[in-house]
Amino acid sequence: MLELKNISFEVDDELGQKGILKDVNLTIDAGKLTVITGPNGGGKSTLARIIAGVEKPTSGKIFYKGEDITDMSITDRARMGIGFAFQQPVKFKGIRVVDLIRLAKGEKTLSSKDACKYLAAVGLCAKDYINREVNGSLSGGELKRIEIATLIAKRSDLSVFDEPEAGIDLWSFQNLIEVFESMRKHIEGSSIMIISHQERILRIADEIVMVKDGIIAEKGTCDEILPKLSGTDSAVKSCGIVDLWKEGNN
Amino acid sequence: MELTDIQKKVLAEVADLHKTPVGAFNIRANGESVGRNSTANIEIIPKKDVSGIDIRIKPGTKNESVHIPVVISQSGLKESVYNDFYIGEGADVLIVAGCGIDNCGSQDSQHDGIHRFFIEKNARVKYVEKHYGSGEGSGKRILNPVTEVYMDEGSTCEMEMVQIKGVDDTVRTTKAELKAGAKLLVGERLMTHGDQRAISNYNVDINGEGGVADVVSRAVARDRSYQEFNAVIAGNAPCRGHSECDSIIMDEGIILAVPALKANNVDAEMFHEAAIGKIAGEQLTKLMTLGLTEQEAEEEIINGFLR
């Protein structure tokens with residue numbers, strides 16, 4: 001479905017050119033859930049942004065459904081079926097939750113009832129949110145869940161999520177995993193790419209790709225890779241809820 | 001009441017009117033009243049000395065509305081119209097004004113509406129005013145509204161003033177005086193394009209204890225248009241005043257925002273905010289990842305901003 005060939009991305013810093021991604025080759029097959037992990041600053045987010053078209057690679061080619069999309073705009077990629085959920089959801093002035101969902105669905109109008117089901121899927125009580133503005137009055141976690149709801153509504157063939165769990169509270173973690181699982185089930189042949197350090201998300205991956213220092217350091221199935229990553233910052237266990245009283249609060 | 005198709009279109013734009021309104025109304029077209037209706041509680045009386053009307057609303061009138069739209073479709077027509085609203089104690093009404101000019105000719109058309117509101121104790125008014133211009137002629141469409149609001153104790157006035165399209169030149173002057181416990185909320189939405197110019201001046205005096213004034217403007221200046229927002233809120237008693245101007249500039253648009261505060265009483269709490277900038281790049285990017293073109297994304301962002 002998606003093929004990255006010799007992708008490099010360089011930025012200018014005070015020491016001259018700095019390579020964020022170095023000659024990366026990666027294939028994402030149809031119907032697969034791929035999790036990209038690795039330490040912070042390793043190039044994971046850049047990879048996702050290059051796929052969505054938000055950043056242009058310094059060199060290399062990107063093929064999607066067999067077509068060279070390297071020079072294609074964000075809009076054209078979105079229309080070809082690539083969806084992208086931002087790590088830091090964008091805030092607006094005046095644009096409401098219902099507007100974003102309507103635009104994601106690509107429709108001129110959207111009934112409240114229709115919009116509500118996407119919010120319900122991310123654990124938000126729809127009637128409280130549907131007409132709210134997507135601005136700073138919403139918490140980071142709420143914005144994040146709305147961001148995910150727009151991607152569900154978009155029904156992309158390839159959905160790329162940049163750290164979807166960041167800011168999402170523990171209660172909804174399982175919910176988030178269910179979101180990914182039901183997207184796979186209901187959008188036939190669709191692929192999902194998630195950037196995450198969370199062990200619980202790594203566990204549902206068909207393939208885990210470890211990006212470190214701008215290269216693909218390791219890649220394989222969940223069973224192959226996860227044991228090597230456990231306990232490192234590439235596979236962080238989420239903090240469980242501790243029953244303070246049971247464990248003795250002396 | 002006979003209106004041309006163009007006049008009907010303009011009426012729909014400025015007052016959402018598609019047929020004769022319910023309740024009290026006065027429809028003015030090309031300098032003449034073409035339809036008028038008073039009700040048991042709301043009386044509309046033409047002025048004798050100058051052009052305009054007196055609107056008298058009886059104390060205690062609830063859930064009634066007054067529509068007073070103005071349409072100009074004759075190129076070169078210039079008029080000043082004086083409308084006075086007397087809102088009786090404890091009344092709660094909706095007033096819909098609005099002016100649309102369709103100018104297909106080469107001469108300037110101009111409507112200067114001078115509206116004065118005398119709002120008695122504990123009365124509530126919602127005032128909606130939309131300005132709109134259309135027509136392909138080279139003659140300008142000019143609107144210079146003057147609004148004066150005199151608010152008695154405990155009264156509330158909520159004003160929604162909208163000018164989104166087609167008005168070439170506007171100087172809007174709004175003046176308000178608030179007694180104790182009076183509350184004035186102004187929401188202005190303005191978009192200029194082409195070579196248009198829009199100037200908005202507010203002078204609000206909060207004279208009584210517990211008075212509240214909140215003047216909020218959202219504006220977009222496109223192409224080579226020019227806008228000025230001057231708001232002076234003076235707190236002359238223990239009160240609260242806030243003014244805000246939030247603007248988007250595009251192309252070669254220019255905006256000057258001056259939200260000024262004057263505290264004449266040590267217990268006056270006054271705040272102001274002003275922000276001017278282009279559309280944030282990340283907002284465009286986000287909407288483009290949903291499949292919108294850059295231009296479509298811009299339109300959605302502006303429509304949302306001016307909603």
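How many bridges join β3(A) to β8(A), and do they run parallel or antiparallel? Four bridges join them, and the two strands run parallel. Helices (H or I, at least four residues) and strands (E, at least two) here are DSSP runs, numbered from the N terminus, and two strands count as paired if DSSP finds at least two bridges between them.

A word on the model first. It is predicted, so to speak with its own thresholds: local features need pLDDT of at least 70, side-chain atom pairs count only at pLDDT 80 or more, and totals for chains, interfaces and linings use all residues. Residues are numbered from 1 along each chain as its sequence is written, while chains are lettered from A and ligands numbered from 1 in the order in which they are written.

**The sheet in chain A**

Six strands make up an open sheet with mixed pairing, in the order β6-β7-β8-β3-β9-β10. β6 (82–85) and β10 (215–221) sit at the edges with a single partner strand each, so one side of each is left without a neighbour in the sheet. From one strand to the next, the twist averages 15°.

| Strands | Sense | Bridges | Facing residues |
|---|---|---|---|
| β3(A) and β9(A) | parallel | four bridges | A:Thr37 and A:Met210 |

β8(A) is mostly covered, with five of its five residues buried (20 or more other C-beta atoms within 10 Å of their own, C-beta atoms being placed from the backbone). In a regular strand the side chains alternate between the two faces of the sheet. In β8(A), A:Ser191, A:Met193 and A:Ile195 point one way, and A:Ile192 and A:Ile194 the other way.

**Helices on the sheet**

α6(A) lies across β6(A) and β7(A), running at about 170° to β6(A). Helix α7 (173–186) of chain A packs on the sheet too, touching β3, β7 and β8, and its direction makes about 160° with that of β8(A). Axes are lines fitted to C-alpha atoms, for helices over the stretch in contact, and angles run from 0 to 180 degrees between N-to-C directions.

**Where chain A meets chain B**

19 residues of chain A are in contact with 17 residues of chain B (C-beta atoms, placed from the backbone, within 7 Å). On the chain A side, α2 (74–79), α3 (97–105) and α6 (140–154) each supply at least two residues, and the largest share, four residues, comes from α2(A).

Definitions and conventions:
Contact = placed C-beta atoms within 7 Å. Buried ≥ 20, exposed ≤ 12 C-beta atoms within 10 Å, placed from the backbone.
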